Amino acid sequence: MLMLPTPLKKHDKICIISPSGSILPEYIDGATKLLENWGYSVLQGTHCREEYGRFAGTEAQRIADLQNALDDGSVRAILCSRGGYGLAQIIDKIDFSKFERSPKWLIGFSDITILHSAVNNRDIASIHSIMAKHLTELAADAPAVVQLKNILQGNFPEYEFRWENLNRTGVATGKLI
């Protein structure tokens with residue numbers, strides 16, 4: 001059974017980290033501002049603004065920020081600032097044992113899919129979603145922004161599919177990946 005992390009409440013902590021590519025600091029600032037406007041307390045990984053070639057810091061710095069965010073019991077969600085490339089270098093060096101005992105939402109897409117896969121293999125849900133740049137540049141009422149906010153609050157989307165001639169009536173269950 002897939003475990004859903006607990007929905008967030010006002011003042012819960014969200015940590016922004018950069019486990020992959022480097023990012024413009026204004027995107028981290030913009031995402032921080034929006035998440036704070038939603039009522040959350042935002043922490044930033046020590047190295048989330050670093051640049052080391054195309055990466056957001058050295059492997060050791062990116063590992064430290066990801067591991068600290070996973071292990072911090074006060075953090076309820078982790079927003080990856082961006083994807084790009086870089087998690088493949090460090091994913092095997094991450095210890096998920098504390099995270100498994102106290103899961104939290106992991107948010108991102110692109111290269112962050114490696115992290116989604118790692119937690120999904122532990123039967124823990126995560127959120128394949130927009131990240132810092134989008135939270136900064138999109139309007140607050142943009143569907144992707146509203147959807148992320150709703151999911152964090154425990155309001156999950158429901159999907160309906162239009163009837164087609166080849167459809168069969170019935171009920172199906174499964175894991176959406």
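Mentor: Let us begin with a definition: a residue is buried under 20% relative accessible area, exposed over 50%, and partly exposed in between. The model considered here is predicted.

Trainee: Why is Glu100 called partly exposed?

Mentor: Glu100 has a relative accessible area of 42%.

Trainee: What makes the contact of Arg122 with Glu100 a salt bridge?

Mentor: The closest N and O atoms of Arg122 and Glu100 are 3.8 Å apart. The cut-off is within 4 Å, from a side-chain nitrogen of Lys or Arg to a carboxyl oxygen of Asp or Glu, and therefore the pair qualifies. Arg122 lies in the loop between α5 and β5 and Glu100 in helix α4 (residues 97–101), so the pair ties together parts that are 22 residues apart in sequence.

Trainee: Why does Arg122 count as partly exposed?

Mentor: Its relative accessibility is 32%; this value lies between the limits of 20% and 50%, which means that Arg122 is partly exposed.

Trainee: How do you know that Arg49 forms a salt bridge with Asp29?

Mentor: The closest N and O atoms of Arg49 and Asp29 are 2.4 Å apart, and the criterion is within 4 Å. Arg49 is in the loop between β2 (41–44) and α2 (59–71), whereas Asp29 is in helix α1 (residues 25–37). Arg49 is partly exposed at 34%, and Asp29 is partly exposed at 39%.

Trainee: How many salt bridges does a search of the whole structure find?

Mentor: The search finds five.

Key. Residues numbered from 1 in each chain as written. Predicted model: local features only at pLDDT ≥ 70, side-chain atom pairs only at ≥ 80, totals over all residues. Heavy atoms only, no water. Helix = DSSP H or I, 4+ residues; strand = E, 2+ residues; numbered from the N terminus. Buried < 20%, exposed > 50% of the residue type's maximum accessible area, 1.4 Å probe, protein only.
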